[in-house]
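Please read the following note beside the displayed model. The points are numbered so that each may be checked in turn.

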Amino acid sequence: MAERILVEPDLKFIKDLGILGGDDLKKCYQCATCSVACPISPDNKPFPRKEMIASSWGLKDKVVKSADPWLCHNCGDCSTRCPRKAKPADVLAAIRAQAIVEYSRPRWLAEAVNDPKKLPILIAIPVALFLVVGSITGLLNFKPDLSGGIAHYKFFSTWLVDMHMVPAMLFAVTVLALGLKRFVGDIHQNALAEGKTDQQTIEVAGFVQAVIRVIPTILTHKKFSECTENKDRYIAHFLTFWSFVGLFIVTSVIFLVLYGSYLLPTGPLHGPWAQINPIKWLANISGIALIVGTGMMIKSRLNKPDQKSAYKDWFLIGIAFGLGLTGMLTELTRIAGWAPVTFAMYFLHLICIFFLIAYLPFTKLAHLAYRTAAMVYSEYAGRKFVK
Amino acid sequence: MNKKYGVYICEGCGIGESLNIEKLSEVAEDEGYAVKTCPALCGKAGVELLQKEVAGGVNTLVLAACSPRVLYDTFRFDGCIVERVNLREQVVWSHPRATWPAPTEAQKDDETFIDHVQMMASDYLMMALAKVKKIDLPTAFKLETLCRKILVIGGGITGISAALDAAKAGYEVTIAEKEPALGGNAAKWRKQLPTEYPYEKSMAPVIQAKIKELGSFPNIQVKTATVVARIAGQPGDFTVTFKKPGEKIEFDVPFPLPPEMKVDESGKELESEKLHARYLEYNQGRQDILTFDPNGEKFGAVVLAAGWRPYQPQENEYAHLGFGITPDVVTNAQFEQIAAAGKIKRPSDGKEAKSVVFIQSPGQGGDQDFPYAGSVTSLVALKQAKYVREDYADGKAYIIYQHMRTPGLTENFYKAVQQDPGVFLTKGQVTQVAPNGAGLIVNADDTLLGQPIQIKADIVVLATGMVPATKDDPVINLAYRQGPGFRDNALFNDYADSNYICFPSETQRTGIYAAGAIRRSLSTEESMEDATGAALKAIQCLESVNRGVSVHPRSGDLTFPDFFFQRCTQCKRCTQECPFGALDDDERGTPKTNPTRCRRCGTCMGACPERIINFANYSIDSISSMVKAIKVPSTDDFDEPPLRVLGLICENDAYPALDIAALNRLSWNADVRFVPVRCLGSVNVIWIKDALSKGMDGVFLMGCKHGDDYQCHFVKGSELADIRVRKIGEALSSLALEPERVAQFQVAIDEYDKIPQMVQGFVGTIEGLGPNPFKGF
């Protein structure tokens with residue numbers, strides 16, 4: 001018998017979930033159709049029915065500090081079958097967004113990312129940084145010498161890029177790491193309290209083994225293929241995921257080559273790289289995959305009446321789609337020889353990258369950390385998430 | 001009436017193929033009747049034939065064709081007696097020749113061949129011929145003076161709505177309200193449940209607008225601070241005495257003696273004279289029911305809309321919920337008062353109450369709701385939860401229920417309230433409410449949250465129900481010999497109901513129609529709708545009485561019981577057994593008829609040991625004659641004569657069920673003959689004796705279910721028949737006849753498929769007993 005809990009509903013939490021896309025939450029009348037439809041619902045805990053009532057009762061800790069909402073891949077089977085149109089899938093998405101806000105610091109930045117009114121400020125930060133730092137250091141040159149062909153580093157120095165992106169990345173990693181630490185601690189406590197695990201403590205070796213077991217699931221998107229209602233999301237997310245992997249590899253290689261080449265007597269090797277270079281192939285393929293993947297996401301979100309698309313969703317899709325689009329346009333306009341246009345595109349592209357990296361722990365993209373952690377934890381704790 | 005008979009046999013729908021029509025015609029012709037046959041009596045040629053016959057002076061028609069339950073308009077000839085012989089359903093369809101073969105060419109003249117189906121058809125024809133000889137066309141009973149005014153008892157939302165509806169239909173109405181002002185409970189609320197689409201928001205109570213509307217109807221008279229001392233007389237001619245509440249007057253209605261006063265010290269029933277003396281003593285200072293108040297007001301029909309009072313729990317009844325222990329645990333009615341007075345404050349210290357828990361079921365193991373609760377108590381909890389949210393932006397309202405009943409469009413209200421972020425709903429069992437500092441703490445188990453919960457509350461509200469006014473007091477105070485109130489309200493959880501599925505608004509007293517919360521816990525909207533129903537029923541009553549016909553359920557029946565008083569022995573059985581209290585008796589016990597109270601079921605006819613009560617077209621003699629017309633074969637006729645069993649069939653459910661069984665081509669034993677009766681209550685035991693003394697081997701009665709969830713259209717008929725059949729069993733034993741030869745079966749109309757087994761089972765029992773030893777005497 002579970003312990004008697006003192007119920008103290010958090011009204012603000014209910015309202016926040018509404019803003020984050022869960023505004024149909026209260027329509028739930030606990031029929032448990034969602035739990036029957038859900039491919040990951042365990043036999044002994046009706047998921048997501050429990051999450052629905054806990055959040056409609058404003059029991060924030062019960063849902064935000066739980067791994068379960070992160071095990072959902074938003075396949076939408078529950079929302080399609082819900083007789084009350086309470087959209088459990090969107091509620092779970094809102095819970096996850098709320099968890100990201102909860103675990104990331106500084107809190108104001110997390111709230112700003114979810115607030116459309118703060119978007120101009122978020123844009124102004126990289127623009128101001130680039131302009132101010134670029135002007136002071138002289139690394140931003142609006143009238144570069146293009147006699148050797150268009151090269152973006154002449155307009156926006158790679159030093160200037162990395163002067164921002166490397167600290168941004170360190171910031172993001174730190175924020176995520178701190179958040180994850182609290183998150184894993186909380187979900188473990190929750191699992192203990194609700195009897196979801198028999199592991200009393202988190203043992204490092206076992207946890208690492210769980211990571212290894214979960215990684216193939218993530219790489220193959222196996223969970224997505226269990227969806228019936230939103231099968232198209234599998235392709236879209238798969239493309240987007242792997243394009244990011246590809247672009248990460250490309251960026252890492254370029255980064256290493258660039259700074260490594262400073263040691264060469266011939267001096268640093270700047271882009272653009274030749275089109276026949278395999279790394280360039282990977283970059284182009286990834287860029288196109290990103291545009292196609294995110295484009296599919298946009299299309300499917302516009303066409304789905306029973307799925308809510310909140311600001312948080314458009315925010316991330318917007319960045320990712322913008323990233324791909326500005327990246328490819330930067331390349332194409334460079335080849336076309338339209339110097340001012342390609343520089344402008346590059347500038348926008350860099351803003352997108354800054355958004356992606358610096359705001360990562362606060363956007364929906366943070367799911368790559370939290371979801372992985374939740375999946376690993378569940379695997380470790382014996383919820384037998386990976387079938 | 002000078003009868004001119006005509007017998008018409010239809011050959012359609014398989015009758016002609018199955019039966020030897022020529023032989024059947026001879027049966028009537030041998031009795032001296034003119035017989036005509038027709039390929040299809042309901043066809044153009046058939047109807048024209050009948051019309052020609054009627055024009056030629058035939059006024060008593062025996063139509064041997066289909067069930068009297070079909071084509072009654074086709075075969076209706078005003079001013080004529082029309083008797084239908086149900087050959088199609090009861091003979092041909094239910095007795096296929098494959099099972100009961102027709103005689104072959106060789107067997108045609110074989111005297112020893114038993115043609116069961118043909119015998120059955122000729123019996124039914126003979127029974128009809130016997131009946132039409134004994135019946136007459138009814139003449140209507142008309143009151144000397146008819147009053148068309150409607151009295152509405154209760155000036156709440158139901159009474160006012162009923163009055164408005166009746167007034168709009170052109171009737172004069174008087175509202176009697178016991179309080180000094182109109183409005184009743186509906187005037188005491190902050191808001192009421194929605195009455196209009198989209199049914200999402202509670203609204204300002206409509207009662208004030210309704211009260212105002214009364215003013216525009218000059219045909220509505222309002223008497224406040226007035227109660228009914230007595231209602232005497234009968235529908236169309238009630239004499240009503242009003243009085244101030246609490247007053248004692250000579251026309252206060254006398255009450256029957258309570259059971260404990262009807263016996264002496266040793267528990268023996270008192271003699272009738274002594275009883276009467278005690279009765280007079282018990283009701284000293286009150287006029288007898290047969291004395292009419294010369295100053296009384298006349299009314300034609302009554303709508304009882306006396307409403308309800310909030311249920312007040314007994315001391316310690318809900319101690320586990322803290323009721324009576326802390327003032328912060330209140331009933332929903334008390335909470336409504338708090339809400340109506342302003343912002344919701346805690347009763348104990350006046351602090352703002354921002355957390356309110358609404359408990360819908362008392363718990364303690366069961367899942368039953370509070371007494372007298374219903375869907376309205378669910379809806380009221382939702383409404384009151386919104387009060388908390390309206391008063392405080394950070395207010396929280398919790399509803400813990402076992403049943404959340406929001407029928408019909410009120411589901412929209414539930415959905416709308418549920419959508420409020422500060423309203424929390426869960427099924428669950430509240431185990432305890434205990435003080436917690438200045439506030440309360442509520443413990444609940446088995447909640448949807450998956451674990452036991454605790455909630456801090458400022459106020460706890462119990463969803464107690466609506467107690468009908470008739471629980472405390474008869475209210476209508478009828479000057480009827482059977483007593484001033486309705487009987488059997490306990491069967492309906494104390495509500496003044498009759499048989500709520502089949503006959504809403506109707507009570508066990510003709511001319512008195514119940515509406516609103518007196519019938520069931522109802523919302524304002526439901527009460528208003530209910531009021532319309534009762535108002536229409538009252539009008540139906542007046543307009544039926546006006547034409548001298550029965551109101552319901554035998555709507556339009558012109559007959560009424562006729563008493564041959566010279567032979568009355570004043571046994572009072574008819575007065576006591578009438579399910580509708582239609583008869584009053586004087587001090588000697590002679591019944592006084594009140595034909596407009598009567599529903600024409602014939603229970604009095606079944607009760608009368610002297611058999612002096614009859615209807616023009618339904619009498620002891622007419623049914624006896626039918627029974628005697630059944631040919632009972634004996635060993636003189638056949639070596640092994642078939643059995644003969646009589647079935648007395650209630651017209652309301654059992655007879656249609658038989659027709660449905662036949663329509664579905666179900667079969668039953670061919671040795672049984674059916675006689676339809678108005679109600680099993682009208683079955684006089686003489687018919688059973690007639691059948692058995694004629695040599696029939698068994699008799700069964702088939703009618704509606706009786707008991708607590710009775711389905712009898714006349715409330716008591718099948719129950720009384722059951723008692724009488726059991727008594728006749730004792731009499732049979734004394735005649736050396738087995739009591740098993742008489743039985744009673746209960747059927748509902750949808751149980752038609754069980755009828756063949758019932759009949760077969762009974763015939764099987766009789767076969768086991770062997771033939772009636774009186775056969776052939």
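1. Helices (H or I, at least four residues) and strands (E, at least two) are DSSP runs, numbered from the N terminus. By this rule, Pro553(B) is placed in the loop between α12 (524-547) and β23 (562-563) of chain B. A cis peptide bond, with omega about -5°, connects His552(B) to Pro553(B).

2. The model is predicted; local features need pLDDT of at least 70, side-chain atom pairs count only at pLDDT 80 or more, and totals for chains, interfaces and linings use all residues. Residues are numbered from 1 along each chain as its sequence is written, while chains are lettered from A and ligands numbered from 1 in the order in which they are written.

3. Chain B as a whole may be described next. Its secondary structure comprises 19 helices and 30 strands. Along the principal axes, the C-alpha atoms of chain B fill a box of roughly 100 × 65 × 65 Å. A residue is called buried if 20 or more other C-beta atoms lie within 10 Å of its own, exposed if 12 or fewer, and partly exposed in between, with C-beta atoms placed from the backbone. Of the 777 residues of chain B, 51% are buried. Two residues are in contact if their C-beta atoms, placed from the backbone, lie within 7 Å. Among the contacts in chain B with a separation of 6 or more, 71% are between residues 24 or more positions apart.

4. Chain A consists of domain 1 (11-103) and domain 2 (107-381), with bounds that come from an automatic or database domain assignment. The C-alpha centres of domain 1 and domain 2 of chain A are 27 Å apart. Their contact involves 24 residues from domain 1 of chain A and 32 residues from domain 2 of chain A. On the side of domain 1 of chain A that touches domain 2 of chain A, two or more residues come from each of α1 (11-22), α5 (68-71), α6 (77-81) and α7 (88-103) of chain A. The largest share of that side, eight residues, belongs to α7(A). That side divides into 12 nonpolar, six polar and six charged residues; here Ala, Val, Leu, Ile, Met, Phe, Trp, Tyr, Cys and Pro count as nonpolar, Asp, Glu, Lys and Arg as charged, and the others, Gly among them, as polar.

5. Why is helix α3 (residues 49-56) of chain A described as largely enclosed by the rest of the structure? Eight of the eight residues of α3(A) are buried, so the helix is largely enclosed. These buried residues pack against α1, α2 (33-37), α4 (60-64), α5 and α7 of chain A. Just after α3(A), Gly58(A) has a positive phi of about 70°.

6. The two chains meet through 17 residues of chain B and 17 residues of chain A. On the side of chain B that touches chain A, α11 (410-418) and β19 (453-457) of chain B each supply at least two residues. The most, three residues, come from β19(B). By class, this side of chain B has seven nonpolar, seven polar and three charged residues. Strand β1 (residues 5-7) of chain A runs parallel to β19(B), joined by three bridges; two strands pair if DSSP finds at least two bridges between them. The bridge partner of Leu6(A) in β19(B) is Gln454(B).

7. An open sheet of three strands in chain B has the order β8-β9-β10, with antiparallel pairing. At its edges stand β8 (227-234) and β10 (297-299) of chain B, each with a single partner strand, so one side of each is left without a neighbour in the sheet. Three bridges join β9 (residues 237-243) of chain B to β10(B), and Thr239(B) stands opposite Lys298(B) in β10(B).

8. Most residues other than glycine have a negative phi, and most peptide bonds are trans. The peptide bond from Tyr197(B) to Pro198(B) is cis, with omega near 5°. Asn493(B) has a positive phi, near 55°, and is partly exposed, with 15 other C-beta atoms within 10 Å. Arg665(B) also has a positive phi, about 60°; Arg665(B) is exposed, with 9 other C-beta atoms within 10 Å. Arg665(B) lies in the loop between α16 (654-663) and β28 (672-677) of chain B.
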